[in-house]
Amino acid sequence: MFIIEALKGILNASAFGIDNFTWGSVIMIGISFCLMFLAIKCKFEPLLLLPIAFGMFLSNIPVGEIFHMTYFVQESSAVINWSELAAHGGLFDYLYLGVKLGIYPCLIFMGVGAMTDFKPLIANPKSLLLGAAAQFGVFAAFIGALLLGFSSLEAAAIGIIGGADGPTAILVTKELAPQLLGAIAIAAYSYMALVPLIQPPIMKALTTKKERMIKMEQLRPVSKTEEILFPIVCTLVIAFILPDATPLVGCLMLGNLAKVSGVVDRIAKTMQNELCNIVTIFLGLTVGATATADSFFNSTSFFTSPLGILILGLFAFAFATAGGVLFGKIMCFVTKGKINPLIGSAGVSAVPMAARVSQQVGQKANPSNFLLMHAMGPNVAGVIGSAVAAGVFLTIFR
(Lines give C-alpha, C1' and ligand atoms only; values in the text may rest on other atoms or scores of the structure.)
Protein backbone atom coordinates (compact mmCIF):
# COMPACT_ATOMS: atom_id res chain seq x y z
CA MET A 1 0.00 0.00 0.00
CA PHE A 2 2.78 2.38 0.93
CA ILE A 3 4.61 1.63 -2.32
CA ILE A 4 1.45 2.34 -4.38
CA GLU A 5 0.87 5.66 -2.65
CA ALA A 6 4.51 6.62 -3.12
CA LEU A 7 4.31 5.83 -6.84
CA LYS A 8 1.12 7.92 -7.14
CA GLY A 9 2.89 10.80 -5.41
CA ILE A 10 5.84 10.57 -7.79
CA LEU A 11 3.51 10.41 -10.79
CA ASN A 12 1.50 13.45 -9.68
CA ALA A 13 4.66 15.44 -9.03
CA SER A 14 6.13 14.52 -12.40
CA ALA A 15 5.51 16.14 -15.77
CA PHE A 16 2.96 13.38 -16.45
CA GLY A 17 0.61 14.71 -13.77
CA ILE A 18 -2.58 15.84 -15.50
CA ASP A 19 -2.44 19.32 -13.89
CA ASN A 20 1.04 19.94 -15.21
CA PHE A 21 0.43 18.85 -18.80
CA THR A 22 -0.38 21.58 -21.34
CA TRP A 23 -0.48 21.51 -25.11
CA GLY A 24 1.29 24.86 -25.15
CA SER A 25 4.36 23.27 -23.57
CA VAL A 26 4.27 20.46 -26.11
CA ILE A 27 4.11 22.96 -28.99
CA MET A 28 7.01 25.02 -27.60
CA ILE A 29 9.13 21.89 -27.13
CA GLY A 30 8.33 20.98 -30.74
CA ILE A 31 9.48 24.44 -31.88
CA SER A 32 12.69 24.00 -29.89
CA PHE A 33 13.34 20.73 -31.76
CA CYS A 34 12.86 22.57 -35.08
CA LEU A 35 15.40 25.20 -34.03
CA MET A 36 17.85 22.49 -33.00
CA PHE A 37 17.43 20.94 -36.44
CA LEU A 38 18.16 24.28 -38.13
CA ALA A 39 21.26 24.76 -35.96
CA ILE A 40 22.67 21.23 -36.31
CA LYS A 41 21.56 20.09 -39.76
CA CYS A 42 21.33 23.41 -41.63
CA LYS A 43 24.06 25.19 -39.61
CA PHE A 44 21.95 28.37 -39.27
CA GLU A 45 23.87 30.48 -36.71
CA PRO A 46 24.50 27.35 -34.58
CA LEU A 47 26.63 29.07 -31.94
CA LEU A 48 23.57 30.95 -30.73
CA LEU A 49 20.61 29.03 -32.14
CA LEU A 50 21.57 25.76 -30.43
CA PRO A 51 21.80 27.23 -26.86
CA ILE A 52 18.60 29.22 -27.48
CA ALA A 53 16.75 26.12 -28.65
CA PHE A 54 17.95 24.02 -25.72
CA GLY A 55 17.10 26.78 -23.24
CA MET A 56 13.57 26.87 -24.70
CA PHE A 57 13.38 23.08 -24.45
CA LEU A 58 14.39 23.02 -20.77
CA SER A 59 12.11 25.87 -19.65
CA ASN A 60 9.04 24.28 -21.29
CA ILE A 61 9.42 20.89 -19.62
CA PRO A 62 6.49 20.87 -17.16
CA VAL A 63 7.40 21.20 -13.47
CA GLY A 64 11.06 21.65 -14.37
CA GLU A 65 11.01 24.90 -12.36
CA ILE A 66 14.25 25.99 -14.01
CA PHE A 67 13.06 29.49 -14.95
CA HIS A 68 10.32 31.84 -13.70
CA MET A 69 9.60 34.87 -15.85
CA THR A 70 7.17 36.12 -13.19
CA TYR A 71 10.16 36.95 -10.98
CA PHE A 72 11.23 39.54 -13.56
CA VAL A 73 7.96 40.74 -15.14
CA GLN A 74 4.83 41.37 -13.08
CA GLU A 75 1.84 43.07 -14.72
CA SER A 76 4.10 44.78 -17.28
CA SER A 77 6.38 45.99 -14.50
CA ALA A 78 10.03 45.04 -14.98
CA VAL A 79 10.96 45.02 -11.27
CA ILE A 80 12.93 41.99 -10.05
CA ASN A 81 11.22 40.07 -7.25
CA TRP A 82 14.37 39.49 -5.22
CA SER A 83 12.66 37.69 -2.31
CA GLU A 84 11.09 35.02 -4.55
CA LEU A 85 14.29 34.75 -6.56
CA ALA A 86 16.35 34.08 -3.44
CA ALA A 87 13.87 31.60 -2.00
CA HIS A 88 12.73 29.62 -5.04
CA GLY A 89 14.94 30.61 -8.00
CA GLY A 90 16.03 28.00 -10.51
CA LEU A 91 19.35 27.83 -12.33
CA PHE A 92 18.24 29.95 -15.30
CA ASP A 93 16.68 32.55 -12.98
CA TYR A 94 20.16 33.34 -11.66
CA LEU A 95 21.81 33.20 -15.07
CA TYR A 96 19.07 35.46 -16.48
CA LEU A 97 20.28 38.27 -14.22
CA GLY A 98 23.08 38.77 -16.75
CA VAL A 99 20.42 39.62 -19.33
CA LYS A 100 18.17 41.56 -16.96
CA LEU A 101 21.01 43.74 -15.70
CA GLY A 102 22.36 44.34 -19.22
CA ILE A 103 25.65 42.50 -18.64
CA TYR A 104 25.67 39.83 -21.36
CA PRO A 105 24.89 42.06 -24.38
CA CYS A 106 27.68 44.47 -23.45
CA LEU A 107 30.20 41.66 -22.97
CA ILE A 108 29.20 40.21 -26.36
CA PHE A 109 29.85 43.63 -27.91
CA MET A 110 33.27 43.66 -26.29
CA GLY A 111 34.08 40.39 -28.05
CA VAL A 112 32.65 41.66 -31.34
CA GLY A 113 34.85 44.75 -31.09
CA ALA A 114 37.92 42.60 -30.51
CA MET A 115 37.09 40.51 -33.60
CA THR A 116 36.15 43.39 -35.94
CA ASP A 117 38.41 45.25 -38.34
CA PHE A 118 37.44 48.93 -38.49
CA LYS A 119 39.99 49.80 -41.20
CA PRO A 120 37.47 49.67 -44.11
CA LEU A 121 35.25 52.16 -42.27
CA ILE A 122 38.16 54.45 -41.40
CA ALA A 123 39.46 54.33 -44.98
CA ASN A 124 36.02 55.17 -46.38
CA PRO A 125 34.05 57.29 -43.85
CA LYS A 126 31.16 57.59 -46.33
CA SER A 127 30.32 54.03 -45.27
CA LEU A 128 28.79 55.52 -42.12
CA LEU A 129 26.00 56.93 -44.27
CA LEU A 130 25.17 53.49 -45.62
CA GLY A 131 25.12 52.05 -42.10
CA ALA A 132 22.80 54.86 -41.03
CA ALA A 133 20.51 54.33 -44.05
CA ALA A 134 20.08 50.66 -43.14
CA GLN A 135 18.58 51.73 -39.79
CA PHE A 136 15.53 52.86 -41.78
CA GLY A 137 14.15 49.38 -41.23
CA VAL A 138 14.26 49.88 -37.46
CA PHE A 139 12.03 52.94 -37.55
CA ALA A 140 9.76 51.55 -40.29
CA ALA A 141 9.06 48.47 -38.14
CA PHE A 142 8.52 50.70 -35.10
CA ILE A 143 5.77 52.60 -36.94
CA GLY A 144 4.30 49.36 -38.30
CA ALA A 145 4.15 47.83 -34.80
CA LEU A 146 2.36 50.93 -33.47
CA LEU A 147 -0.23 50.67 -36.25
CA LEU A 148 -0.84 47.00 -35.41
CA GLY A 149 -1.67 47.77 -31.80
CA PHE A 150 1.59 47.28 -29.91
CA SER A 151 2.44 49.81 -27.21
CA SER A 152 5.21 52.32 -27.91
CA LEU A 153 7.61 50.38 -25.67
CA GLU A 154 6.85 47.07 -27.42
CA ALA A 155 7.09 48.72 -30.85
CA ALA A 156 10.54 50.11 -30.03
CA ALA A 157 11.77 46.66 -28.98
CA ILE A 158 10.35 45.06 -32.15
CA GLY A 159 11.86 47.75 -34.37
CA ILE A 160 15.40 46.98 -33.22
CA ILE A 161 15.10 43.58 -34.95
CA GLY A 162 15.70 45.54 -38.17
CA GLY A 163 19.24 46.25 -37.05
CA ALA A 164 20.02 42.50 -37.30
CA ASP A 165 21.93 42.76 -34.04
CA GLY A 166 20.99 40.20 -31.40
CA PRO A 167 22.69 41.74 -28.32
CA THR A 168 21.24 45.17 -29.08
CA ALA A 169 17.75 43.74 -29.53
CA ILE A 170 18.07 41.89 -26.22
CA LEU A 171 19.31 44.96 -24.36
CA VAL A 172 16.46 47.16 -25.60
CA THR A 173 13.79 44.49 -25.08
CA LYS A 174 14.81 43.65 -21.52
CA GLU A 175 14.48 47.36 -20.67
CA LEU A 176 11.30 48.24 -22.57
CA ALA A 177 9.28 45.05 -23.14
CA PRO A 178 10.76 42.09 -21.21
CA GLN A 179 7.61 40.02 -21.77
CA LEU A 180 8.49 39.88 -25.49
CA LEU A 181 12.13 38.89 -25.03
CA GLY A 182 11.77 35.29 -26.21
CA ALA A 183 9.95 36.12 -29.45
CA ILE A 184 12.17 39.09 -30.29
CA ALA A 185 15.43 37.27 -29.59
CA ILE A 186 14.40 34.28 -31.71
CA ALA A 187 13.33 36.61 -34.53
CA ALA A 188 16.56 38.64 -34.38
CA TYR A 189 18.90 35.64 -34.42
CA SER A 190 16.81 33.72 -36.95
CA TYR A 191 16.96 36.56 -39.47
CA MET A 192 20.68 37.02 -38.84
CA ALA A 193 21.11 33.35 -39.73
CA LEU A 194 18.91 33.73 -42.82
CA VAL A 195 20.81 36.72 -44.26
CA PRO A 196 22.05 34.67 -47.28
CA LEU A 197 18.44 33.77 -48.13
CA ILE A 198 16.64 37.05 -47.39
CA GLN A 199 18.99 39.68 -48.78
CA PRO A 200 19.94 38.56 -52.36
CA PRO A 201 16.39 38.78 -53.85
CA ILE A 202 15.96 42.29 -52.42
CA MET A 203 19.40 43.38 -53.66
CA LYS A 204 18.76 42.07 -57.17
CA ALA A 205 15.27 43.60 -57.33
CA LEU A 206 16.56 47.07 -56.46
CA THR A 207 19.66 47.17 -58.66
CA THR A 208 20.46 46.73 -62.34
CA LYS A 209 23.06 44.27 -63.60
CA LYS A 210 25.20 47.24 -64.67
CA GLU A 211 25.18 48.56 -61.10
CA ARG A 212 26.01 45.16 -59.65
CA MET A 213 29.00 44.88 -61.98
CA ILE A 214 30.62 48.12 -60.74
CA LYS A 215 34.20 47.57 -59.54
CA MET A 216 35.34 49.83 -56.72
CA GLU A 217 38.82 51.26 -56.25
CA GLN A 218 41.13 49.76 -53.67
CA LEU A 219 40.83 51.30 -50.20
CA ARG A 220 43.63 53.55 -48.98
CA PRO A 221 46.02 52.26 -46.28
CA VAL A 222 45.05 53.11 -42.70
CA SER A 223 47.73 54.15 -40.23
CA LYS A 224 48.17 52.66 -36.77
CA THR A 225 47.43 56.06 -35.23
CA GLU A 226 44.07 56.21 -37.01
CA GLU A 227 43.18 52.72 -35.80
CA ILE A 228 43.90 53.67 -32.19
CA LEU A 229 42.20 57.06 -32.28
CA PHE A 230 39.01 55.85 -33.97
CA PRO A 231 37.51 53.83 -31.04
CA ILE A 232 38.43 56.56 -28.57
CA VAL A 233 36.95 59.42 -30.61
CA CYS A 234 33.89 57.39 -31.61
CA THR A 235 33.11 56.55 -27.97
CA LEU A 236 33.59 60.16 -26.89
CA VAL A 237 31.29 61.58 -29.58
CA ILE A 238 28.46 59.05 -29.13
CA ALA A 239 28.63 59.17 -25.32
CA PHE A 240 28.22 62.96 -25.32
CA ILE A 241 25.40 62.97 -27.88
CA LEU A 242 23.54 59.83 -26.75
CA PRO A 243 24.51 58.71 -23.24
CA ASP A 244 22.17 55.68 -23.28
CA ALA A 245 24.22 54.15 -26.10
CA THR A 246 27.44 54.41 -24.07
CA PRO A 247 27.45 50.87 -22.54
CA LEU A 248 27.14 49.12 -25.92
CA VAL A 249 29.36 51.45 -27.92
CA GLY A 250 31.90 51.72 -25.10
CA CYS A 251 32.29 47.94 -24.81
CA LEU A 252 32.48 47.59 -28.61
CA MET A 253 35.24 50.18 -28.83
CA LEU A 254 37.11 48.82 -25.81
CA GLY A 255 37.33 45.44 -27.52
CA ASN A 256 38.58 47.04 -30.72
CA LEU A 257 41.12 49.21 -28.89
CA ALA A 258 42.50 46.12 -27.14
CA LYS A 259 42.94 44.53 -30.56
CA VAL A 260 44.53 47.42 -32.46
CA SER A 261 46.74 48.74 -29.65
CA GLY A 262 48.93 45.64 -29.89
CA VAL A 263 49.97 45.82 -26.22
CA VAL A 264 47.34 43.56 -24.63
CA ASP A 265 47.24 40.58 -26.97
CA ARG A 266 46.28 38.16 -24.19
CA ILE A 267 43.29 40.31 -23.20
CA ALA A 268 42.24 40.81 -26.82
CA LYS A 269 42.38 37.06 -27.51
CA THR A 270 40.40 36.34 -24.33
CA MET A 271 37.72 38.81 -25.43
CA GLN A 272 37.57 37.20 -28.87
CA ASN A 273 37.46 33.60 -27.65
CA GLU A 274 36.92 32.53 -24.04
CA LEU A 275 34.87 35.52 -22.86
CA CYS A 276 32.70 35.71 -25.97
CA ASN A 277 32.09 31.94 -26.01
CA ILE A 278 31.15 31.70 -22.33
CA VAL A 279 28.79 34.68 -22.47
CA THR A 280 27.25 33.35 -25.70
CA ILE A 281 26.34 30.10 -23.91
CA PHE A 282 24.71 31.89 -20.97
CA LEU A 283 22.97 34.44 -23.18
CA GLY A 284 21.57 31.81 -25.54
CA LEU A 285 20.31 29.52 -22.79
CA THR A 286 18.60 32.25 -20.77
CA VAL A 287 17.08 34.04 -23.75
CA GLY A 288 15.72 30.72 -25.01
CA ALA A 289 14.31 30.05 -21.54
CA THR A 290 12.09 33.14 -21.82
CA ALA A 291 10.23 31.54 -24.76
CA THR A 292 7.70 29.70 -22.61
CA ALA A 293 4.18 28.64 -23.53
CA ASP A 294 2.71 31.30 -21.21
CA SER A 295 4.60 34.11 -22.94
CA PHE A 296 3.86 32.85 -26.46
CA PHE A 297 0.16 32.03 -26.16
CA ASN A 298 -1.27 34.81 -24.02
CA SER A 299 -2.08 37.24 -26.83
CA THR A 300 -5.68 37.90 -27.83
CA SER A 301 -4.74 39.10 -31.33
CA PHE A 302 -2.73 37.48 -34.11
CA PHE A 303 -0.96 40.77 -34.88
CA THR A 304 0.29 41.17 -31.31
CA SER A 305 1.25 37.50 -30.98
CA PRO A 306 4.81 36.13 -31.31
CA LEU A 307 3.99 35.10 -34.88
CA GLY A 308 3.04 38.72 -35.57
CA ILE A 309 6.37 39.79 -34.08
CA LEU A 310 8.23 37.37 -36.38
CA ILE A 311 6.44 38.86 -39.41
CA LEU A 312 7.23 42.40 -38.27
CA GLY A 313 10.85 41.36 -37.73
CA LEU A 314 11.08 40.11 -41.30
CA PHE A 315 9.49 43.37 -42.47
CA ALA A 316 12.08 45.34 -40.47
CA PHE A 317 15.00 43.35 -41.84
CA ALA A 318 13.77 43.64 -45.44
CA PHE A 319 13.32 47.41 -45.09
CA ALA A 320 16.78 47.76 -43.53
CA THR A 321 18.33 45.93 -46.49
CA ALA A 322 16.31 48.00 -48.97
CA GLY A 323 17.22 51.26 -47.21
CA GLY A 324 20.93 50.49 -47.45
CA VAL A 325 20.75 49.46 -51.12
CA LEU A 326 18.66 52.47 -52.16
CA PHE A 327 21.02 54.88 -50.43
CA GLY A 328 23.87 53.03 -52.13
CA LYS A 329 22.19 53.79 -55.47
CA ILE A 330 22.05 57.48 -54.53
CA MET A 331 25.76 57.44 -53.63
CA CYS A 332 26.48 55.62 -56.90
CA PHE A 333 24.73 58.38 -58.83
CA VAL A 334 26.43 61.20 -56.89
CA THR A 335 29.91 59.67 -57.31
CA LYS A 336 29.22 58.91 -61.01
CA GLY A 337 29.45 55.16 -60.68
CA LYS A 338 32.30 54.80 -58.20
CA ILE A 339 30.24 53.04 -55.52
CA ASN A 340 28.54 49.70 -56.05
CA PRO A 341 25.04 49.91 -54.46
CA LEU A 342 25.29 46.30 -53.29
CA ILE A 343 27.54 47.27 -50.39
CA GLY A 344 24.61 49.22 -48.91
CA SER A 345 22.91 45.95 -47.99
CA ALA A 346 25.77 45.28 -45.57
CA GLY A 347 24.59 48.26 -43.50
CA VAL A 348 22.66 45.79 -41.33
CA SER A 349 24.96 44.73 -38.52
CA ALA A 350 25.11 40.98 -39.16
CA VAL A 351 28.93 40.96 -39.16
CA PRO A 352 30.52 39.64 -41.35
CA MET A 353 27.75 37.62 -43.01
CA ALA A 354 26.04 40.61 -44.66
CA ALA A 355 29.37 41.76 -46.15
CA ARG A 356 29.95 38.28 -47.58
CA VAL A 357 26.51 38.35 -49.21
CA SER A 358 27.39 41.66 -50.90
CA GLN A 359 30.57 40.03 -52.18
CA GLN A 360 28.75 36.93 -53.46
CA VAL A 361 26.00 38.85 -55.29
CA GLY A 362 28.54 41.23 -56.83
CA GLN A 363 30.79 38.40 -57.95
CA LYS A 364 27.91 36.59 -59.66
CA ALA A 365 27.36 39.69 -61.80
CA ASN A 366 31.09 40.21 -62.39
CA PRO A 367 33.47 37.35 -61.48
CA SER A 368 36.38 39.80 -61.14
CA ASN A 369 34.49 41.90 -58.58
CA PHE A 370 35.83 42.00 -55.00
CA LEU A 371 33.48 43.95 -52.74
CA LEU A 372 34.16 42.26 -49.38
CA MET A 373 36.42 44.89 -47.83
CA HIS A 374 34.29 47.71 -49.24
CA ALA A 375 31.18 46.08 -47.74
CA MET A 376 32.87 45.67 -44.34
CA GLY A 377 32.76 49.47 -43.95
CA PRO A 378 28.93 49.70 -43.99
CA ASN A 379 28.78 46.43 -42.04
CA VAL A 380 30.80 47.83 -39.15
CA ALA A 381 28.90 51.12 -39.44
CA GLY A 382 25.70 49.11 -39.05
CA VAL A 383 26.91 47.74 -35.69
CA ILE A 384 27.49 51.29 -34.49
CA GLY A 385 24.21 52.43 -36.07
CA SER A 386 22.14 49.76 -34.33
CA ALA A 387 23.68 50.70 -30.98
CA VAL A 388 22.84 54.35 -31.65
CA ALA A 389 19.25 53.44 -32.65
CA ALA A 390 18.97 51.48 -29.39
CA GLY A 391 20.23 54.52 -27.50
CA VAL A 392 17.60 56.70 -29.19
CA PHE A 393 14.76 54.38 -28.15
CA LEU A 394 16.08 54.02 -24.59
CA THR A 395 16.46 57.78 -24.27
CA ILE A 396 12.91 58.42 -25.46
CA PHE A 397 11.01 55.61 -23.76
CA ARG A 398 12.91 54.53 -20.66
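Why is helix H10 (residues 152-159) largely enclosed by the rest of the structure? I took this up before anything else.

**Ground rules.** I am working on a predicted model, where local features need pLDDT of at least 70, side-chain atom pairs count only at pLDDT 80 or more, and totals for chains, interfaces and linings use all residues. I number residues from 1 along each chain as its sequence is written, and side-chain values use heavy atoms, with hydrogens and water left out.

**Entry: helix H10.** I looked up burial along H10. Six of its eight residues are buried, so the helix is largely enclosed by the rest of the structure. Buried means under 20% relative accessible area, exposed means over 50%, and partly exposed lies in between (1.4 Å probe, protein chains only). I take helices as DSSP runs (H or I, at least four residues), numbered from the N terminus. The buried residues of H10 are Glu 154, Ala 155, Ala 156, Ala 157, Ile 158 and Gly 159.

Next I asked which helices these buried residues pack against. I found H9 (136-147), H11 (166-176), H12 (181-193), H19 (306-334) and H21. Contact here means heavy atoms within 4.5 Å.

**Entry: the nonpolar core.** I then checked the largest nonpolar core. A nonpolar core is a set of buried Ala, Val, Leu, Ile, Met, Phe, Trp, Tyr and Cys residues joined through side-chain atoms within 4.5 Å. The largest one has 121 residues. Phe 72 and Ile 158 have the most contacts inside it. Helix H21 (residues 372-397) gives this core its largest share, 11 residues.

**Entry: salt bridges.** How many salt bridges are there? I get five, counting a side-chain nitrogen of Lys or Arg within 4 Å of a carboxyl oxygen of Asp or Glu.

I looked at Glu 175 and Lys 174. Their closest N and O atoms are 2.4 Å apart. Glu 175 is partly exposed at 27% relative accessibility, whereas Lys 174 is buried at 5%.

I turned to Arg 220 and Glu 226. Their side chains meet in a salt bridge at 2.8 Å, N to O. Arg 220 is partly exposed, with a relative accessible area of 39%. Glu 226 is also partly exposed, at 26%. Elsewhere, salt bridges that share partners join Asp 117, Lys 119 and Glu 227 into one network.

I followed up one link of that network. Lys 119 bridges to Asp 117, with the closest N and O atoms 3.3 Å apart. Lys 119 is partly exposed at 31% relative accessible area, and Asp 117 is partly exposed at 22%.

Definitions and conventions: Helix = DSSP H or I, 4+ residues; strand = E, 2+ residues; numbered from the N terminus.
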